[in-house]
Amino acid sequence: MESRTVASRDVYIWGIITALGVVAGYVAVLFANIRHFYTDDTESQYAPLWVMLGRQLRAGQFPAMVPEHWMAGNYTIEEAGLLNPPQLLIDLIAPSVGNLALYATVVKLIFAIILGLGVYRICLAYGAKAPWAAVAGSAIPFTGWLLFFDEASWMTAFTGTAWLVHAWASGVRYARGPGPGGGSLRNHVGLRGRRIGYSGPIPTFVFLYLAISVQYIFPAVEAGLMIGAVAVGELVYQKKWRPSLRLLLVAVCAALAGLMTYLPSMMSAKVTWRGTAQINNDQFLTVPWSESLNASLPSTLPAFNSWWGYVQPMPVVYIAWFLIPALAFVDWRKALDSAREFTAPALFTVMALMWTAGPGTIGPLRWPVRVLPMVALGLLVLVCVLLGRFATFDGWRRRGVAAAVLIGLLWARSFSAAPREVVWHIVAALAVAALGSAVVWIGRSRGTVAACALVIVSTFPIAFLQVWAAQPTPMGWNLPENRSEMKAAFPDFPGTTLQLGDRMLIQPDERKLPGAYGSLVFGNYAKDLELTYVSGYTPNGHYWFGEMLCMRWDTSVCPDAYRRAFAAEPTTGKTVVDLMKVDRVVLQRALYPDARDQSAPPGWKWVDYPGHEKYIVVLEREGGLISTQNGRVAAVHGGTATSVAESDTTSRVRVSSVDGGRVVFARLGWPGYHVTLDGHDIPFAVVAKTFVAVDIPAGTTSGDLVLTWRPPGWQIGAAAALLGLLGVGVLEWAYLRGRRRTDEPTEEPTPQDTDTREPGEPDLVDAVR
């Protein structure tokens with residue numbers, strides 16, 4: 001098998017250029033919308049979650065469960081990344097940052113650089129020259145779905161992709177390195193006689209684990225598909241099964257280590273909204289292949305069903321303006337001779353394309369449009385590797401005509417999807433033609449390096465114009481970004497607060513401070529304020545709790561929620577708010593305009609908060625806070641129960657009952673609870689399918705009742721993680737042993753060893769990096 005090398009100096013220089021290109025692209029986007037990277041789920045879910053988790057970690061508590069957050073309080077099944085070390089570092093820093101928009105932007109910029117460098121590494125691993133690898137790396141963060149959704153909003157999808165691409169690059173290097181059964185590529189000698197370009201199993205294991213443990217299922221499944229594609233690709237390329245087997249074993253070890261991340265979700269699914277393992281195709285957010293492939297016209301507005309109707313307001317299927325026209329400048333005869341080497345990226349792209357077209361739901365995997373970044377990844381890698389190895393300007397006039405035909409087809413497809421934007425489609429097509437002509441002219445006259453530099457620079461204005469054209473973004477909640485201003489504008493609400501309101505009733509001009517966000521919380525906004533509110537942003541809500549208060553994923557409720565909250569639970573005679581040990585109920589005036597005219601429920605009183613009357617009315621208990629009284633014991637029947645010790649995961653209570661009784665706790669009945677009485681296991685029940693309850697045997701006197709919650713499956717997960725670590729340790733030992741066996745003394749390199757340049761080409765060093 002051939003050895004392609006790229007000079008180490010050029011590899012690092014172009015890696016730096018890739019990172020700088022990503023930074024410049026981010027700056028361009030921020031000129032179009034300073035809050036672009038602080039919108040939708042980032043402002044309403046992730047950034048507040050970082051603040052809350054960071055405060056818990058700083059207090060020495062591992063925030064697996066916060067009972068007072070109720071439906072959103074089981075953070076082992078939320079997108080919290082509790083077992084992901086980089087995410088925990090983000091959490092630890094968050095409470096010290098006052099401007100959350102700035103913090104989110106910086107964090108995302110770091111991950112965008114990680115993502116760009118990962119794609120750069122993949123292209124080098126498949127033999128692309130460094131300039132074209134840099135083109136791919138600097139372009140990937142500004143592809144449509146990544147730019148407008150994953151980077152702007154869905155943070156865990158973005159970080160998972162950033163780790164996945166490094167797992168891909170390291171996986172190729174590992175599969176092509178020495179090991180048991182022999183290596184697939186002969187040794188490469190660098191400028192100083194160093195053997196470079198190989199990678200052991202540990203980098204692949206680490207990057208796969210990081211992709212899995214972001215606690216978002218899509219990157220985990222996509223990583224599995226990627227590893228499968230690479231394993232098949234290396235089998236086809238090397239015609240040996242052992243390298244692919246080694247790679248698959250590393251993936252199994254990483255999956256075992258990451259199993260603990262998803263076991264709680266899997267074992268809690270029966271009580272959540274995601275409890276059904278159905279497969280259906282409802283066409284919502286499924287993307288026809290014709291739209292997925294319309295990747296090179298910046299004006300494209302694809303047609304598929306979403307929240308905004310059929311024609312989308314953002315170019316979410318866009319990948320890169322050069323992607324399709326550049327195919328005309330590939331020497332396809334040479335490329336086809338090396339087709340076996342591209343099996344993995346081609347197979348991965350095909351699988352991603354098939355997924356984007358449906359089914360719409362596969363168990364917890366819904367909305368196939370989320371896989372568009374994988375389509376962009378696969379196509380960028382394929383095209384930039386082809387250009388990086390087989391680009392040619394021979395017969396440039398004929399090839400230019402072919403490129404023009406491809407641009408025409410792109411225009412026709414974009415016009416068909418969004419005919420009202422015909423003028424912008426024409427402008428975009430002409431711009432792509434002009435840019436392509438400029439790149440061809442510069443490439444012929446100044447060389448590949450200059451052409452690639454122009455392609456990288458062209459990314460910035462396109463990203464600016466695309467984001468600018470999509471303003472105002474239809475995704476933004478417009479939550480405040482400065483935490484000190486938030487807290488100064490908001491009432492001081494100690495204890496546990498239940499808010500009953502509907503986010504959609506807030507008028508757009510009121511989504512600001514000191515407007516509605518000075519009085520109301522939705523999503524995880526209360527975590528920014530360091531206040532304890534019932535629920536928060538949750539895609540995995542507790543089904544029965546949600547039904548009880550008709551509460552939705554963003555804490556919004558239906559108008560009947562007020563009646564339900566003060567209704568008595570039949571078996572205990574206590575109201576729902578009593579069983580929850582809620583101290584305060586905040587009613588949104590827009591949802592309950594006449595509430596203040598009614599008498600307060602028994603044991604409650606109306607309390608005025610001057611300056612907030614426009615948006616809320618407030619009920620508080622006449623006797624003060626009850627959330628601080630007797631731990632989390634909410635109701636006792638037929639005996640006594642006195643709290644002895646309390647934590648988020650454990651309630652220790654002294655109980656007595658002559659004829660038998662029951663203790664109901666202000667805890668949501670998540671799977672994972674365990675009860676002992678005087679050291680002996682006893683069963684527990686769930687009241688109204690919601691509240692944890694324990695029956696006390698007759699004759700109990702000062703019994704030591706301990707109610708403990710642990711993430712379900714944690715013992716299995718811990719054992720699997722240990723097994724995965726042991727497995728990768730064995731693979732690393734085998735790798736080092738195989739490398740020692742294949743090591744031979746290296747000689748001082750001759751100029752022929754270190755310089756494989758063609759006329760006009762830059763220095764070359766191990767592209768299998």
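Which charged end sits over the ring of W367? The charged end of R366 does, 4.0 Å from the ring centre. Here a charge sits over a ring if NZ of Lys or CZ of Arg is within 6 Å of the ring centre and within 35 degrees of the ring normal.

This is a predicted model: local features need pLDDT of at least 70, side-chain atom pairs count only at pLDDT 80 or more, and totals for chains, interfaces and linings use all residues. Residues are numbered from 1 along each chain as its sequence is written, and side-chain values use heavy atoms, without hydrogens and water.

**Ring pairs**
- Rings of Phe, Tyr and Trp (its six-membered ring) pair if their centres lie within 6.5 Å; planes under 30 degrees apart count as stacked, over 60 as edge-to-face and the rest as tilted.
- The count by this rule is 38 aromatic pairs.
- W154 and W367 are stacked, because their ring centres are 6.3 Å apart and their planes meet at 20°.
- W154 is in the loop between α6 (144-150) and α7 (155-175), and W367 is in the loop between β5 (365-366) and α14 (372-390), 213 residues apart.
- Helices (H or I, at least four residues) and strands (E, at least two) are DSSP runs, numbered from the N terminus.

**Burial**
- Buried means under 20% relative accessible area, exposed over 50%, partly exposed in between (1.4 Å probe, protein chains only).
- W154 is buried at 7%, and W367 is buried at 16%.

**Cluster and charge**
- Ring pairs join W145, F149, W154, F284, W307, W308 and W367 into a cluster.
- R370 lies over the face of W154, 4.7 Å from the ring centre.
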